[in-house]
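In these entries I record what I looked up in one protein chain.

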Amino acid sequence: MMKQILFAGVIGLFLSLVGTPLLIKLLARKGYGQYIRDDGPREHASKRGTPTMGGIAFILATVAAYFGAKLIAGKPPTYSGLLVLGLMIGMGLVGFLDDYIKIVKRRSLGLRAKAKMAGQLIVGIGFAVLSLQFADNRGNTPASTKLSFITDFGWALGPVLFVVWALFMILAMSNGVNLTDGLDGLATGASVLVFGAYTFIGVWQYQESCANGETLTNPNACFEVRDPLDLAVVSAALMGACLGFLWWNTSPAKIFMGDTGSLALGGVLTGLAICSRTELLVALMGGLFVLITMSVVIQVGSFRLTGKRVFRMAPLQHHFELKGWSEVLVVVRFWIIQGICVIVGLGLFYAGWAADK
């Protein structure tokens, strides 16, 4: 069991650590540099021209690590693992088109809003529909039409409402990570923490799966998740790949992930939450992404309603930069906030399981 997870993490780390500088050289040679907003913090002007679309590195490293771990362990891929990876790749492709148009076509806004939304909807609907297929011998599909926190609860939404709910989650988390990706290493480091937590959740769900029958520690609180171990393998591959990328993405960043990376990370995080039956818990586990997204919502809402701004600048990280915090200080303190969110989320996950004993 642990062999797959260990191999996935190590392979993902190695490939990303070695592959990212090769991608930096390729992107720099082609002149694919980052566009910097003129209305942003003045210190960011020096970042103009830094290679972007770095998400390519950890996406490829994650996919290679997953299949490499499967090959070494002699285990076949599962539908849950393939669907979550497919969601990551699909969202990454939408982000890649956006980055490509910004850089190569010299159009600062990238894809038209409708085209970008259409791409995300196509990928999201495809994932949501397919995740309700492929039942195992216990009747479990990769996703469930019920809402979930620690496990499924309440009435089933039905397939149509489930697709709508899944789309909302995918769009919200993808754009949340995208908004967070404004400082060197911020989104990458925060993602490492969340994927580490989902590795633990996948392992725990596998050990306490209802399919294990008499070997369960707590038969009254088992998990009906189709492929929990494989979700842990995907999470470990992501954690390793993001750690390797962080080596080059931390301040001063040699490469940015771009929309290619941020949309992919938001998508795969949502996929992990849906397939592990922790849909509402992910709002806490990814609390930093939610907090930064809400800062934008508050800023825009306040300005439209009153003509006044709550923050000096949104997203929230730039507000603190304009207050005089250094970029590194903002990043480290926001990582601490994310770490607290992850710890609280894991605590609630365990408490929810233990409470049913």
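**Notebook: fold and surface**

Entry 1. I first read the order of the elements, keeping in mind that the model is predicted. From the N terminus, the sequence of elements is α-α-α-α-β-β-α-α-α-α-α-α-α-α. I noted 12 helices and two strands for the chain.

Entry 2. Next I looked up the dimensions. The C-alpha trace extends over about 60 × 50 × 35 Å along its principal axes. For 357 residues, the radius of gyration of a compact globule would be near 21 Å; the chain has 20 Å, so the value agrees with that expectation.

Entry 3. I then asked how the chain packs against itself. Of its 357 residues, 53% count as buried. Taking contacts between residues at least 6 apart in sequence, I found that 76% join residues at least 24 apart.

Entry 4. I turned to the outside of the chain. Its accessible surface comes to about 15900 Å², and carbon and sulfur atoms account for 67% of this.

Entry 5. Which residues form a nonpolar patch on the surface? I listed Phe149, Phe153, Leu280, Val328, Val332, Ile336, Ile340, Val344 and Leu348, which together have about 720 Å² of accessible area. Helix H12 (residues 327-354) supplies the largest share of the patch, six residues.

Entry 6. Finally, I examined one member of the patch, Leu280. Leu280 lies in the loop between helix H8 (258-275) and helix H9 (282-285). Its relative accessible area is 34%, so I recorded Leu280 as partly exposed.

How values were computed
Residues are numbered from 1 along each chain as its sequence is written. This is a predicted model: local features need pLDDT of at least 70, side-chain atom pairs count only at pLDDT 80 or more; totals for chains, interfaces and linings use all residues. Side-chain values use heavy atoms; hydrogens and water are left out. Patches are made of residues with over 30% relative accessible area and no salt bridge: like charges are joined within 9 Å, nonpolar side chains (Val, Leu, Ile, Met, Phe, Trp, Tyr) within 5 Å. Accessible areas come from the Shrake-Rupley method with a 1.4 Å probe; for residues, only the protein chains shown count as cover. A salt bridge is a side-chain nitrogen of Lys or Arg within 4 Å of a carboxyl oxygen of Asp or Glu. Helices (H or I, at least four residues) and strands (E, at least two) are DSSP runs, numbered from the N terminus. Buried means under 20% relative accessible area, exposed over 50%, partly exposed in between (1.4 Å probe, protein chains only). The radius of gyration is taken over C-alpha atoms; the globule rule is 2.2 Å times the number of residues to the power 0.38. Contact means heavy atoms within 4.5 Å.
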